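Have the sequence and the model open as you read.

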Amino acid sequence: MDREPAARPPDAGPGAALDDTDLAAARSALAQGRWQAARSLLARTGDDWDRRGHRVAVLALEPYAAAWAGAWLLAEPGSADAAVLRALARVRRALRGREDPAGARAACRDAAALAPADPTPWLGLLMLEGEGSADAVRIFEEIRARHRDHHHAHHLMVALLAERRAAAGPDPLHEVYEFAAWAAEQAPADSPLAILPIVAHAERYRALAARGFAPADPATAAHWRDHRAADVMKAAFDWWLEWEHDGHPRRLVDLNYLAHAKVCEGRPAEAAALFHRIGDHATPAPWSYPDRDPYAAFRAARAGALGGG
């Protein structure tokens, strides 16, 4: 029997493409039923798996993406790109309660059969998991077998693990921290997975605050000022100073998590440096945590850090 997916951060709006202008253009065309731009974009993306996952996931946000991908499949039966876009679009529909998750899972498995080396259909399956269950771990391992350092999959796995035993309250030895530390340590030195311990801290805050174990304003939460938080924030900020990548498709997601952490830690100067790099590319997570308007929270935090508020 299908489980209800766990609460997820809200889908990003038109800015979900971040600074990928080609993706933004293809999404705009797809919204008008012109799937050829998405076809061209995914063909150019090739097996850059992090970029492919990001692009397919963003294209799938369009409300009629599943229908347009279906039209694409009619024109090009057997297209792996069309199949994976349709699969993730159906996943998005299932997460919004507009489709049976079983059908979305079947679409992901069909897409995986067309492109066995592609981790993206498995990313769709992981999106449908409601907790850090054995099934989620198995799906995650399928992704890692195809791309060991898959950025989005690691973020999803952290969000799922953060839900474990959240109703029991704070636990400084919770497995989400161990998982994030392990992933950061096993990745290459320049990998953006170095930021994952910060993501774990934010996702655990979300899970605890949703159950009343942390205040609704993260900047007042002791969660951000314990020894673990201080250590992981320093390590992540130091990594950013040394290794920041301009080319990673999801680097702005990491920068939003890191800026949020620095605001909550009470380090406005460090946060300001990050806000300068982020520009206007706010992401819903983690600014929405636990139940806030993410863009209002982002603007307030940026104004405070930059001296405008």
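Helices α7 and α9 cross in a left-handed way. In this predicted model, their axes lie 10 Å apart and the packing angle is about 15°. An angle under 35 degrees counts as roughly parallel, so α7 is roughly parallel to α9.

**The α7–α9 contact**

- From α7, the contact uses L123, L126 and M127.
- From α9, the contact uses H152, A153, L156, M157 and L160.
- Sorted by class, the contact of α7 with α9 has 7 nonpolar residues, 1 polar residue and no charged residues.

- The buried residues of α7 are T120, P121, W122, L123, G124, L125, L126 and M127.
- What covers them? The cover of the buried residues of α7 includes α3 (49–59), α5 (80–95), α6 (101–114), α8 (134–146) and α9 (151–162).

**Helices α1 and α3**

- α1 and α3 pack at about 30°, and their axes are 10 Å apart.
- The two helices α1 and α3 are therefore roughly parallel to each other.
- The crossing of α1 and α3 is right-handed.
- Helix α1 brings D22, L23, A26, R27 and L30 to the contact.
- Helix α3 brings H54, R55, V58 and L59 to the contact.
- By class, the contact of α1 with α3 holds 5 nonpolar, 1 polar and 3 charged residues.
- An α-helix has 3.6 residues a turn, so residues three or four places apart point the same way.

- R27 sits in helix α1, which spans residues 21–31.
- Is R27 buried or exposed? R27 counts as buried, because its relative accessibility is 11% and the cut-off is under 20%.
- The side chain of R27 makes a polar contact of 2.7 Å with the side chain of E62.
- R34 is in the loop between α1 and α2 (36–45).
- R34 is partly exposed, with a relative accessible area of 43%.
- The side chains of R34 and Q32 are joined by a polar contact of 3.2 Å.
- How far apart are R34 and W243 in space? Their C-alpha atoms are 38 Å apart, and the two residues are 209 residues apart in sequence.

**Helices α14 and α16**

- Helix α14 runs over residues 268–278, and helix α16 over residues 294–306.
- Their axes come within 8 Å and cross at roughly 120°.
- That angle makes α14 oblique to α16.
- The crossing of α14 and α16 is left-handed.
- Which residues of α14 make the contact? They are P268, A271, A272, F275, H276 and I278.
- On the α16 side, the contact is made by F298, A301, R302, A305 and L306.
- The residues of the contact of α14 with α16 divide into 9 nonpolar, 1 polar and 1 charged.

**Cis peptide bonds**

- A285 and P286 are joined by a cis peptide bond, with omega about 5°.
- P286 lies in helix α15, residues 284–287.
- Y289 and P290 are also joined by a cis peptide bond, with omega about -5°.
- P290 has its place in the loop between α15 and α16.

- L18 is not a glycine, although its phi is positive, at about 60°.
- L18 lies in the segment before α1.
- L18 is buried, with a relative accessible area of 12%.
- R165 is a residue other than glycine with a positive phi, near 55°.
- Where is R165 found? R165 is in the loop between α9 and α10 (175–186).
- R165 counts as partly exposed, at 46% relative accessibility.

How values were computed: Residues numbered from 1 in each chain as written. Predicted model: local features only at pLDDT ≥ 70, side-chain atom pairs only at ≥ 80, totals over all residues. Heavy atoms only, no water. Axes fitted to C-alpha atoms, helices over the stretch in contact; angles between N-to-C directions. Helix = DSSP H or I, 4+ residues; strand = E, 2+ residues; numbered from the N terminus. Parallel < 35°, antiparallel > 145°, perpendicular 65-115°, else oblique. Left-handed = near helix turned anticlockwise from the far one by under 90°. Contact = heavy atoms within 4.5 Å. Nonpolar A, V, L, I, M, F, W, Y, C, P; charged D, E, K, R; others polar. Buried < 20%, exposed > 50% of the residue type's maximum accessible area, 1.4 Å probe, protein only. Polar contact = N/O pair within 3.5 Å; in protein donor to acceptor, adjacent residues only side chain to side chain.
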